[in-house]
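Keep the model open beside you as you read.

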Amino acid sequence: MIATSSKKTSESLKLGFEVADLTNDEKQQIGLDHGVVVKSISDRKISKLLSPGTVIVSMSKQDVKNVAHFKELLDKLEEDEPIVLLIRQGAGNRFIVIERS
């Protein structure tokens, strides 16, 4: 996981968590050239799936380039459509599904 202290860009989302762009150093550290990092979580249900420092690698099988692209991909989903994310926590990747109501 990535430390969440110094992010250049962050965006508060109505999903119960906030994401920020990865810095170049962070990208190099985890060996990726894309993704966003979870900065904070305000929804208890989401905290069971994500934690600060978790890297979101892709959404709906598309690489997430940055916060603006994350929002763009999110906007393409129907309001009640589940959000499928590929995340990296530590050295491993896994898929999670966030149900929306």
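Predicted model: local features only at pLDDT ≥ 70, side-chain atom pairs only at ≥ 80, totals over all residues.

Strands β4 and β6 run antiparallel and are joined by four bridges. Residues are numbered from 1 along each chain as its sequence is written, and side-chain values use heavy atoms, with hydrogens and water left out.

Let's stay with β4 for a moment. Ser58 stands opposite Leu86 in β6, and Ser58 also stands opposite Asp63 in β5. The pairing of β4 with β5 (residues 62-63) is antiparallel and has two bridges. Two residues lie between the strands of this hairpin, where Ser60 takes a positive phi near 50 degrees. β4 is also joined to β3, again by two bridges and in an antiparallel arrangement; here Ile56 of β4 is the bridge partner of Val36.

Stepping back, the protein chain has three helices and seven strands, which follow one another in the pattern β-β-α-β-α-β-β-α-β-β. Buried residues account for 44% of its 101 residues. Its accessible surface is about 6000 Å², and carbon and sulfur atoms contribute 45% of that; the areas come from the Shrake-Rupley method with a 1.4 Å probe, and for residues only the protein chains shown count as cover. Of the contacts (heavy atoms within 4.5 Å) with a separation of 6 or more, 48% are between residues 24 or more positions apart.

Now for the interior. In soluble globular proteins, nonpolar side chains tend to be buried together. A nonpolar core is a set of buried Ala, Val, Leu, Ile, Met, Phe, Trp, Tyr and Cys residues joined through side-chain atoms within 4.5 Å. The largest one in this model has 20 residues, and Phe17, Ile56, Met59, Phe70 and Leu85 touch the most other members. Two or more residues each come from β2 (17-21), β3 (36-41), β4 (55-59), α3 (67-76), β6 and β7 (92-98). Helix α3 provides the largest share, four residues. A second, separate core has eight residues, among them Ala20, Leu32, Val37 and Leu86.

Leu85 lies in strand β6 (residues 83-89) and counts as buried because its relative accessibility is 0%. Leaving out residues up to four places away in sequence, Leu85 touches Ile56, Ser58, Met59, Phe70, Arg94, Phe95, Ile96 and Ile98. Phe17 counts as buried too, at 3% relative accessibility. Beyond its neighbours within four places in sequence, Phe17 contacts Val38, Ser40, Ile41, Ser42, Ile46, Leu50, Ile56, Phe70 and Ile98.

What about aromatic pairs? The structure holds one. Rings of Phe, Tyr and Trp (its six-membered ring) pair if their centres lie within 6.5 Å; planes under 30 degrees apart count as stacked, over 60 as edge-to-face and the rest as tilted. Phe17 and Phe70 form the edge-to-face pair, at 6.3 Å centre to centre with 70 degrees between the planes. This pair links distant parts of the chain, since Phe17 is in strand β2 and Phe70 in helix α3, 53 residues apart. Phe70 is buried, at a relative accessible area of 1%.

Side chains of opposite charge can pair when their charged atoms come close. A salt bridge is a side-chain nitrogen of Lys or Arg within 4 Å of a carboxyl oxygen of Asp or Glu, and by this rule there is one. Lys76 forms it with Glu72, the closest N and O atoms being 3.9 Å apart. Because they are four residues apart in helix α3, Lys76 and Glu72 are separated by about one helical turn. Lys76 is exposed, with a relative accessible area of 55%, whereas Glu72 is partly exposed at 41%.

How values were computed: Buried < 20%, exposed > 50% of the residue type's maximum accessible area, 1.4 Å probe, protein only. Pairing = 2+ DSSP bridges.
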